[in-house]
Amino acid sequence: MTAGRAAMLRRFCLYGFLKNQQYFEPFLVLIFLEKGLSFFEIGLLVAFREVVVNLFEVASGALADVYGRRKAMITSFAAYIASFATFGLASSLPLLLAAMFFFGMGEAFRTGTHKAMIFSWLRSQSREEERTAVYGRTRSWSKLGSALSVLLAAVFVVSFDRYSPIFFFSIVPYALGIVNFLGYPRELDGKAPGGTSVRAVASHLKDSVVISVRDPGLRGLLLESMGFEGMFRASKDYLQPILGAAALALGAVVVLPEGLGEPGRAALLVGPVYFCLYLMSAAASRRSGRIAAAL
C-alpha cells in the first residue's frame, strides 16, 4: 500500500472516530429528563429530528452532488456544532427543537455522503472489490470512537455531576473533523451535473426525487430506512432511564464516592454498559470483510 493510500484510509478512519465523539449520546434521554421534559416531550423531540432528517435527506444529497461532497460534510459538521452549542444552553422546549433541527440537518447532509466519498476513492484506485473490508474498517473505528466517547462522557458527568456541559466538549472533535475534511482531495467532490446555479440545483433535486419515487429498489431502501432505522433510532435511547434507575438502586448496595449525585451515579453504570456494546460492534465491523469473503 502506497503512502498516499494509507494516508487517505487514515483520514476516513479519523472521520468515523471523530464523528462518534458525541459525549451526550449515552445520556440523551437522561439529559432531557434533567431539563424537566416529560417522556411525551422527549418523544416529540426525537420524532422531530427524524422528520427533519427524512425531509432533507434527498435535498442534501442533491446539494452535495452539485456543490461538492466535501462542502456538504463541512456543512454537516457545522450544523452539528450549532446543535451542540444550542443543546448546552437550552432549557426550554422551543430551543431544544431548534437544537434538534440543527442536529437533523447535520444528519441529513452527512448520511450517505461520506460513504459515497469512500466508494469514489476506491473506484479511482481500482479497488472496488475491497469496499466491504475498507468500509468495515472505517466503521470499526467509528465504534471504537463511540467506546472511547462513552468513557470520556462518564468522566465528564462524574466530574461535573451534571449532563449539560458534555455538549460543549463534543464541539472540539467536530471542529477537528472539519480540519480533517479540508485535507480530502478535490476529486472526491464528485462531478456537478449541469453547473452550480440555483436552477441546476432545483433540476437535479427534482430528478433525484423522481428517481427515488419511481425506482422500486430505491423506493424500497427509503421505506426501509424510514421504517426500521427510524424505529431503532427512536427507541434505542430509552435504555438510558432503565440504566439510570438501576444505578440508583445499585448505589444502595455499593459504596460510591461521597456526595455523588444522580447524574454521576447513572454515568458509572451507563458508561460501562455502552462501552461493552460499542466494543462488540467494533469487533464485528472489523471482521465484516472476512465474513463477506467467506460467503
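Predicted model: local features only at pLDDT ≥ 70, side-chain atom pairs only at ≥ 80, totals over all residues.

Author: Helix α7 covers residues 131-160, and where it packs on α8 the two axes are 10 Å apart, at an angle of about 140 degrees. The crossing in which α7 passes α8 is right-handed. On the α7 side the contact is made by A153, F156, V157 and F160, and on the α8 side by P165, I166 and F169. By class, seven residues of this contact are nonpolar, and there are no polar and no charged ones.

Between the two helices runs a loop, and D161 is found in it. D161 has a positive phi, near 55 degrees, although it is a residue other than glycine. S126 is not a glycine either, and its phi is positive at about 55 degrees. With a relative accessible area of 60%, S126 is exposed, because exposed means over 50%.

Helix α8 also packs against α4, which spans residues 69-89; here the angle is about 170 degrees and the axes are 9 Å apart. That angle makes α4 roughly antiparallel to α8, because it lies over the limit of 145 degrees. From α4 the contact takes in R70, M73, I74, F77, A78, Y80, I81, F84, A85, F87, G88 and L89, and from α8 it takes in F167, F168, S170, I171, Y174, A175, G177, I178, F181 and L182. Sorted by class, the contact of α4 with α8 has 18 nonpolar, three polar and one charged residues. F169 of α8 is part of the contact with α7, while F167 and F168 of α8 are part of the contact with α4.

By the pairing rule, 24 aromatic pairs are counted. One of them joins F12 and W121, with 5.6 Å from centre to centre and 80 degrees between the planes, an edge-to-face arrangement. F12 sits in helix α1 (residues 3-19) and W121 in helix α6 (residues 113-124), 109 residues apart, and the pair thus links distant parts of the chain. Both F12 and W121 are buried. F167 itself forms a stacked pair with F24, at 4.9 Å centre to centre and 25 degrees between the planes. F24 lies in the loop between α1 and α2 (28-34), and F167 is in helix α8 (residues 165-182), so this pair ties together parts of the chain that are 143 residues apart in sequence. F24 counts as buried at 2% relative accessibility, and F167 is buried with a relative accessible area of 0%.

The axes of α3 and helix α5 (residues 93-110) come within 7 Å and cross at roughly 35 degrees. This crossing of α3 and α5 is right-handed. Among the residues of α3 that meet α5 are L44, L45, F48, V52 and F56, and among those contributed by α5 are L96, L97, M100, F101 and A108. The contact of α3 with α5 divides into 17 nonpolar, two polar and four charged residues. L55 is found in the same helix α3, which runs over residues 39-67. L55 is exposed, with a relative accessible area of 60%. Its C-alpha is 8.4 Å from that of A108, and L55 and A108 are 53 residues apart in sequence.

Now for the chain as a whole. There are 13 helices and zero strands. Buried residues make up 43% of the 295 residues. Of the contacts between residues at least 6 apart in sequence, 84% join residues at least 24 apart.

Key. Residues numbered from 1 in each chain as written. Heavy atoms only, no water. Helix = DSSP H or I, 4+ residues; strand = E, 2+ residues; numbered from the N terminus. Buried < 20%, exposed > 50% of the residue type's maximum accessible area, 1.4 Å probe, protein only. Phe/Tyr/Trp six-rings, centres within 6.5 Å; stacked < 30°, edge-to-face > 60°. Axes fitted to C-alpha atoms, helices over the stretch in contact; angles between N-to-C directions. Left-handed = near helix turned anticlockwise from the far one by under 90°. Contact = heavy atoms within 4.5 Å. Nonpolar A, V, L, I, M, F, W, Y, C, P; charged D, E, K, R; others polar. Parallel < 35°, antiparallel > 145°, perpendicular 65-115°, else oblique.
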